[in-house]
Amino acid sequence: MRNDSENKNVFLYLTTFIIEAFAILISVLIFAAIMLFSESFFDYASIFATVSTAIGTFIASYYLSYKKGKRGILNGLIVGGITFLILIIVSFIVDDGAVTLNTIFRLIIILLSSFIGGILGVNKASNKKYI
């Protein structure tokens, strides 16, 4: 049986990933609108998808670290790592994708954005001015 603290952590992580999903969805919708009105941007759809995911992981890591108030780097890396694993699994299921140099680039972008979001979230929560 879980205690109250563990239930709060599970709820916090679920809330974090729901917030991340909405942030990614809003980013994708904005980029889709840009691509709709400017036909030349269709060439950059993959980049827009990566940027949308980076925005979502940044916001989710910021939120999680702000709520927890500690371990921003670890929280950010957890959010980024789980997000990347989900994307890889979906990619293998939908597209029979393979790990390429582009996949490694996406991993770096996702981890960096979640890492920075985690650091900023902790600093905002504690009003500290250091990393």
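Let's start with helix H1, residues 4-37, and helix H3: in this predicted model, the two pack at an angle of about 60°, with their axes 12 Å apart. H1 and H3 are therefore oblique to each other, and their crossing is right-handed. If you'd like to find the contact on the screen, look for Tyr13, Thr16, Phe17 and Glu20 in H1, which meet Asn75, Ile78, Val79, Ile82 and Thr83 in H3. Sorted by class, the contact of H1 with H3 has five nonpolar, three polar and one charged residues.

Now for the partner in sequence between those two. How do H1 and H2 lie relative to each other? They pack at an angle of about 150°, with their axes 8 Å apart. An angle over 145 degrees counts as roughly antiparallel, and H1 and H2 are therefore described that way. H1 passes H2 in a right-handed crossing. The class count for the contact of H1 with H2 is 16 nonpolar, eight polar and three charged residues.

That leaves the third pairing. Helix H2 covers residues 45-68 and helix H3 covers residues 72-95, and they pack at an angle of about 140° with axes 9 Å apart. Here too, H2 passes H3 in a right-handed crossing. On the H2 side, the contact is made by Thr53, Thr57, Ala60, Ser61, Leu64, Ser65 and Lys68. On the H3 side, you'll see Gly72, Asn75, Gly76, Val79, Thr83 and Leu87. And how do the residues of this contact divide by class? The contact of H2 with H3 has four nonpolar, eight polar and one charged.

Let's stay with H2 for a moment. This helix has 24 residues and reaches 34 Å from its first C-alpha to its last, close to the 34 Å expected at 1.5 Å a residue. Which residues of H2 are buried? Among them are Phe48, Thr50, Ser52, Ala54 and Gly56. As a reminder, an α-helix has 3.6 residues a turn, so residues three or four places apart point the same way.

Asn3 sits in the segment before H1. Is Asn3 buried or partly exposed? Asn3 is partly exposed, with a relative accessible area of 43%. From Asn3 to Tyr63 there are 60 residues in sequence and 23 Å in space, C-alpha to C-alpha.

Thanks, everyone!

Terms used: Residues are numbered from 1 along each chain as its sequence is written. This is a predicted model: local features need pLDDT of at least 70, side-chain atom pairs count only at pLDDT 80 or more; totals for chains, interfaces and linings use all residues. Side-chain values use heavy atoms; hydrogens and water are left out. Axes are lines fitted to C-alpha atoms, for helices over the stretch in contact, and angles run from 0 to 180 degrees between N-to-C directions. Helices (H or I, at least four residues) and strands (E, at least two) are DSSP runs, numbered from the N terminus. A crossing is left-handed if the near helix is turned anticlockwise from the far one by less than a right angle, and right-handed if clockwise. Contact means heavy atoms within 4.5 Å. Ala, Val, Leu, Ile, Met, Phe, Trp, Tyr, Cys and Pro count as nonpolar, Asp, Glu, Lys and Arg as charged, and the others, Gly among them, as polar. Angles under 35 degrees count as roughly parallel, over 145 as roughly antiparallel, 65 to 115 as roughly perpendicular and the rest as oblique. The expected span of a helix is 1.5 Å times one less than its number of residues. Buried means under 20% relative accessible area, exposed over 50%, partly exposed in between (1.4 Å probe, protein chains only).
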